[in-house]
Every structure is written in structure tokens, then in C-alpha cells.
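I opened my notebook to get to know a structure that was new to me. Here is what I looked up, entry by entry.

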Amino acid sequence: MAKSERITLEEVLDLIPKPVTAMVSLPSKGLFYDRDLVPDGKLEVVPMSAREEKLVAGMRGSNVEEVIDIILKRCLKTNIATDDLLVTDRFFLLLALRANSYGEDYNFELTCGYCNNSSKYTVKIPADLEIKYAGDDDAEPFSVVLPVSKIKIGFKLLREKDMKDIRRFSAKETKKGFLAEGDPAYSYRIAKQIVSVNDRSLDMLTALELVNRLPAKDSAVLKNAFDKKTPGVLTGITKDCVSCGKTIETDLPMSAEFFRPDDGAEV
């Protein structure tokens, strides 16, 4: 039998289809970015390749955010820094990238709280999830007057660079042994969004002290104002238990199958 001709690298590369880019419409509508960078509120992404799957294979609890950052930077074609993305836009972009790379079907396991039966279910991401879009006239800074103190607070939305700062602060405080006082980043996260008090700017230290001293009702109103103005995807889902038929209500689980799809899962 004649020896087969060896295929060349160029021929192999010709066999691989060109990646199909996707234009992702952001929940923010691009209103909080440079309009020249995101003119239509859309970002362009290309599907993941085996190069990115190699990163996923090395993903551990301590480096998850770092790996996701690298993947998004590689797959994002629009010239915008991922650190400048709203936290909620970044998460939505991750869902869209997953759908563009592996398809919309995301399989996961849920345990019914009524009958304790565990089964696999499927949602289409992001199609099956509710998306809260920014208002057409939304612009930072937003403002709210607190009911008890009567203070006018100006605030912004959180970017990924803010979250990195919050995680660093949390890690530093945890090392100091402050866990007995609850979430070490709770007040810091709120303070990170405050940009003014009674239309006057303030530094982070002042904002943090203000948050810690606010009456509980003022704090609740402030956090509610943040939530109302934050666009993004709502991750609450409902599924009927395949065993007892009761309705399961939960947040979308983020399992290993998010980047390692199991095509044999039951719907």
C-alpha cells in the first residue's frame, strides 16, 4: 500500500472554518462608555477556540476572575478595555460569548427542595433570561435624597476595575481577621459607588465613613437606588421538578459545564 501524502499545515488551516463574530447588545445600551467605542451599544466578540479552552482547563477557585479576564480580552474585538465595562455588562458579555462558542443550551443540575430529587435541566442563555436595559436618558452621576438624613448622594455604576479594588480590599481585611464583623467589603462596595454628597465630591475614606454611619433606612434606600439604575441580566430561573412537579425557583447555577458543555444532558 502506497504511503499517504502528508497534509501540510496550510491545508489543515484551510479546513478550519472562519470564526463567526457576534454583535452583543449590552444591557447598558453603551450609554456609560465613549460613544466612539460603542456607538450602537454593541460589542463584537469571536467564539472561543481550543486556545481559550486550555485556560479553562487550568481554572481554579483562586484564578477564576483572572482567567475570565484573559478570555474576554482575547475574544472581544471592539477596542474597549474589559476593566472599563460595567460589572453587569461584563457578565452579560460572558453569557453571550459562551452562547456564541458552544450554543445557547446550558445544562445544569438542580435539587428539588420538596422531594430532594436531583435532575438535569436546560436553559438557553441569554435568551431565557430577563434582561433589564438602561433607560434611554440614563446618565451618570445618578442621585438620590436619603429619607432620614436628607443627604443628597451622587453615585455611579460599578466597573470591573472597581470590583478588582473591592476584592483586594476584602482580601486585605480578611487577613486582618475581620470576618467576625461580617462581610469585610460590604461598606466598601457601597462607598465605591458614591461620587458626591450634596453635590460636593469626596474621597474614598470619607465615603466609607459616611456609609458606616448612615441610618439603616438610608442605607437600604441607597442600595435600592443602586439596583434600580443598574442594567443587566436577571439570573433568576424557575423549573418544574421532573419528579414531583413542584416549581423550583433559584438563581442560574454557574457550574463547570458553563465552559464544559455536556451535550448529553436531559432537558
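I began with Ser187, which is in contact (heavy atoms within 4.5 Å) with Leu208, Val211 and Asn212, leaving aside neighbours within four places in sequence. Before going on, I noted that this is a predicted model, in which local features need pLDDT of at least 70 and side-chain atom pairs count only at pLDDT 80 or more, while totals for chains, interfaces and linings use all residues. I also noted that residues are numbered from 1 along each chain as its sequence is written, and that side-chain values use heavy atoms, with hydrogens and water left out.

Ser187 is found in helix α6. I took helices (H or I, at least four residues) and strands (E, at least two) as DSSP runs, numbered from the N terminus. Is Ser187 buried or exposed? Ser187 is buried, because its relative accessible area is 16%. The cut-offs are these: buried is under 20% relative accessible area, exposed is over 50%, and partly exposed is in between, with a 1.4 Å probe and protein chains only.

Helix α6 as a whole is mostly covered, with six of its eight residues buried. I wrote them down as Ser187, Tyr188, Ile190, Ala191, Lys192 and Gln193. They pack against β7, α5, β8 (194-197), α7 (204-213) and α8 (216-229).

**Entry: aromatic rings**

Next I looked for ring pairs. Rings of Phe, Tyr and Trp (its six-membered ring) pair if their centres lie within 6.5 Å; planes under 30 degrees apart count as stacked, over 60 as edge-to-face and the rest as tilted. By this rule I have six aromatic pairs in my notes. One of them is Phe169 with Tyr188, a stacked pair at 3.9 Å centre to centre and with 10° between the planes. This pair links distant parts of the chain, as Phe169 is in helix α5 (residues 160-175) and Tyr188 is in helix α6 (residues 186-193), 19 residues apart. Phe169 counts as buried at 16% relative accessibility, and Tyr188 is buried too, at 9%.

I also noted one aromatic cluster, formed by Phe32, Phe142, Phe155 and Phe226.

Then I checked for charges over rings, where NZ of Lys or CZ of Arg must be within 6 Å of the ring centre and within 35 degrees of the ring normal. The charged end of Arg98 sits over the ring of Phe258, 5.8 Å from its centre. Lys246 lies over the face of Tyr114, at 5.7 Å from the ring centre.

**Entry: the nonpolar core**

I turned to the core, meaning a set of buried Ala, Val, Leu, Ile, Met, Phe, Trp, Tyr and Cys residues joined through side-chain atoms within 4.5 Å. The largest one has 66 residues, and among those with the most contacts inside it are Leu43, Phe108, Ile153 and Leu222. Helix α4 (residues 87-102) gives the most to this core, with six residues. In soluble globular proteins, nonpolar side chains tend to be buried together.

What does Leu222 touch, not counting residues up to four places away in sequence? My list for Leu222 reads Val144, Leu146, Ile153, Ile190, Ile194 and Leu214.

**Entry: cysteines**

How many disulfides does a search of the whole structure find? I found zero, a disulfide being a pair of cysteine sulfur atoms within 2.5 Å. The closest cysteine sulfur to that of Cys112 belongs to Cys244, and at 3.7 Å it is too far for a bond. The sulfur of Cys241 has its closest cysteine sulfur in Cys115, at 3.6 Å, which is again too far for a bond. Cys112 counts as buried at 1% relative accessibility, and Cys241 counts as buried at 5%.

**Entry: the whole chain**

Last, I stepped back. The protein chain has eight helices and 12 strands, and 39% of its 267 residues count as buried. Its C-alpha atoms fill a box of roughly 90 × 50 × 40 Å, taken along the principal axes.

The chain's mean is 88, and 94% of its residues reach 70 or more. Confidence is lowest in helix α1 (residues 9-15), at a mean of 77, and highest in strand β7 (residues 152-155), at 98.

Technical notes: pLDDT = per-residue confidence, 0-100.
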